[in-house]
Amino acid sequence: MLDFKLHLNPNPKPLPFSQDNANLGFGQIFTDHIFVSQYGKNKSWGSSEILPYGSLALDPASSVLHYGQALFEGMKAFGRTDGSIWLFRPEYNWKRMCDGAERLCLPPPSREIFLEGLKHLVSTDRQWVPRSQGSTLYIRPTLIGSEAFLGLRPAEEAKFFIVLSPAGSYYAEGFAPLKIWLERHDVRAVPGGLGAVKAGANYAASLRASIMAKSKKCSQVLWLDSTHEAIEEVGTMNVFFVFKDEIVTPALNGSILPGCVRDSALQLLRSKHSPFAKKVSERRLTLAEITERKAKGELEECFGTGTAAVISPVGEICDETSSISISKEVGAVSQWLLATLQGIQWGIIEDSFSWMTRLEDLS
Ligand SMILES: *Cc1c(COP(=O)(O)O)cnc(C)c1O
């Protein structure tokens with residue numbers, strides 16, 4: 001059992017939203033508390049605390065500020081109409097953070113710190129879990145190197161913390177296919193680099209392309225691999241292409257982030273529940289193949305998968321000079337995956353994979 005100190009916020013904020021009509025957006029408001037755990041020079045995780053939400057004290061020489069030793073996770077808590085709170089595959093996120101810690105030479109948070117820390121923090125702020133249709137409590141576990149030392153070696157001190165942010169329904173403005181920008185210059189990740197882990201540095205590398213995309217009226221970036229030939233991801237989502245006879249997502253080749261929703265979509269599409277008689281493949285997929293199959297009339301759908309949007313249909317891919325139009329309508333596979341995943345998350349469809357955990361049962 002996790003040993004921690006609870007310091008309740010003496011000045012809790014009035015809820016900055018109404019539970020009947022949560023118009024929350026994303027990532028803009030934070031709850032009354034944070035969870036923090038410290039790793040120290042005795043090579044173990046020491047004190048854990050729930051503290052009033054506020055600034056972290058970091059020495060200006062902290063390694064994270066100079067050498068980018070930072071990892072994060074993104075998860076959601078679902079507040080169902082019966083008052084219960086549920087998480088979707090929380091162990092997946094814990095394990096992924098541990099894999100990332102190995103890559104960045106940070107100490108991995110123990111299962112206890114990650115899952116029980118999350119349980120106690122969300123319980124403390126449970127009135128902040130949105131109750132309106134489709135709204136969730138977004139959870140951001142973060143791990144940073146915090147040792148004050150300018151020599152280049154892994155930090156011997158680290159902090160693991162969790163912040164919570166109520167978030168509105170991603171589809172408040174509808175579920176319409178997006179236009180995405182094919183990025184031909186910048187790459188997000190290379191084999192042997194950091195692409196397979198949720199390192200903050202990956203997102204620093206992606207910002208310039210996303211500004212470019214916005215200036216071209218596109219809402220996400222389609223990333224190619226370092227050869228500029230094969231498809232990798234779309235924005236901060238994994239990507240799937242649906243052809244006449246096959247559903248394809250790029251294989252996890254070391255520069256692609258192993259998404260939880262990607263894995264869940266693959267399991268669903270390969271299960272007896274799937275209504276689609278198409279082969280489901282994880283393999284290399286080139287832009288040339290997509291163009292060729294589009295010309296043959298075999299390209300049916302494209303969509304992104306990720307915690308925030310769950311499923312995000314793509315209608316058009318463009319670059320400076322050309323465009324591949326896919327569909328103006330949301331395709332059948334996108335629609336079925338969204339309905340099935342959301343149905344499981346909100347407790348409307350049977351959870352036959354045991355993906356959901358009730359908050360109280362996290363351990
Ligand atoms: C977080 C993330 C994803 C999606 O992962 P999920 O676990 O499905 O939310 C995909 N690609 C990148 C680059 C990401 O950062």
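Strand 15 supplies three residues to the lining of the second largest cavity, the largest share from any element. The model examined here is predicted. The volume of the second largest cavity is about 40 Å³. Its lining consists of Pro-177, Glu-300, Glu-301, Cys-302, Pro-313, Val-314, Ser-327, Glu-329, Gly-331 and Ser-334. By class, the lining of the second largest cavity comprises four nonpolar, three polar and three charged residues.

In total, two cavities of 30 Å³ or more were counted. The largest cavity holds about 110 Å³ of space. It is lined by 13 residues, and Met-75, Lys-76, Phe-88, Thr-307 and Gln-345 are the closest to its centre. At least two lining residues come from each of strand 5, strand 6 (85-88) and helix 5. Strand 5 contributes the most, with three residues. Seven of the residues that line the largest cavity are nonpolar, five are polar and one is charged.

The open spaces were examined next. The largest pocket contains about 1200 Å³ of space. Its lining is made of 48 residues, and those nearest the centre of the pocket are Phe-26, Tyr-170, Gln-220, Thr-236 and Ala-308. Two or more lining residues come from each of strand 7 (136-145), helix 4 (200-215), strand 10 (220-224), strand 12 (237-243), helix 5 (260-269) and strand 15 (299-306). Helix 4 provides the largest share, six residues. The lining of the largest pocket includes 19 nonpolar and 20 polar residues, together with nine charged ones.

The second largest pocket contains about 460 Å³ of space. It is lined by 27 residues; Ser-132, Gln-133, Gly-134, Gln-342 and Trp-346 lie nearest its centre. Strand 5 (75-79), strand 7 and helix 7 (332-345) each give two or more residues to this lining. The largest share, four residues, is that of helix 7. In the lining of the second largest pocket, 13 residues are nonpolar, eleven are polar and three are charged.

The 14 residues of helix 7 should span 20 Å at 1.5 Å a residue, and the C-alpha atoms at its ends are 20 Å apart, so the two values agree. Because ten of its 14 residues are buried, helix 7 is largely enclosed by the rest of the structure. The buried residues are Val-333, Ser-334, Trp-336, Leu-337, Leu-338, Thr-340, Leu-341, Gly-343, Ile-344 and Gln-345. Of these, Ser-334 also lines the second largest cavity, while Gln-345 is among the residues closest to the centre of the largest cavity. Gly-347, which follows helix 7, has a positive phi, near 80°.

A further site is Ser-281, in strand 14 (residues 279-283). Ser-281 has a relative accessible area of 8%, and is therefore buried, the cut-off being under 20%. Its side chain makes a polar contact of 2.6 Å with the side chain of Glu-246. With residues up to four places away in sequence left out, Ser-281 touches Glu-246, Ile-247, Val-248, Thr-249 and Arg-270.

Notes
Residues are numbered from 1 along each chain as its sequence is written. This is a predicted model: local features need pLDDT of at least 70, side-chain atom pairs count only at pLDDT 80 or more; totals for chains, interfaces and linings use all residues. Side-chain values use heavy atoms; hydrogens and water are left out. On a 1 Å grid over the protein atoms alone, a cavity is a set of points where a 1.4 Å probe fits but cannot get out, and a pocket is an open set with protein on both sides within 12 Å along at least five of seven lines; lining residues have an atom within 4 Å of a point. Grid points are joined across faces, edges and corners, and a volume is the space filled by probe spheres set on the points. Ala, Val, Leu, Ile, Met, Phe, Trp, Tyr, Cys and Pro count as nonpolar, Asp, Glu, Lys and Arg as charged, and the others, Gly among them, as polar. Buried means under 20% relative accessible area, exposed over 50%, partly exposed in between (1.4 Å probe, protein chains only). A polar contact is a pair of N or O atoms within 3.5 Å; within protein, one must be able to donate a hydrogen and the other to accept it, and residues adjacent in sequence count only if both atoms are side-chain atoms. Contact means heavy atoms within 4.5 Å. The expected span of a helix is 1.5 Å times one less than its number of residues.
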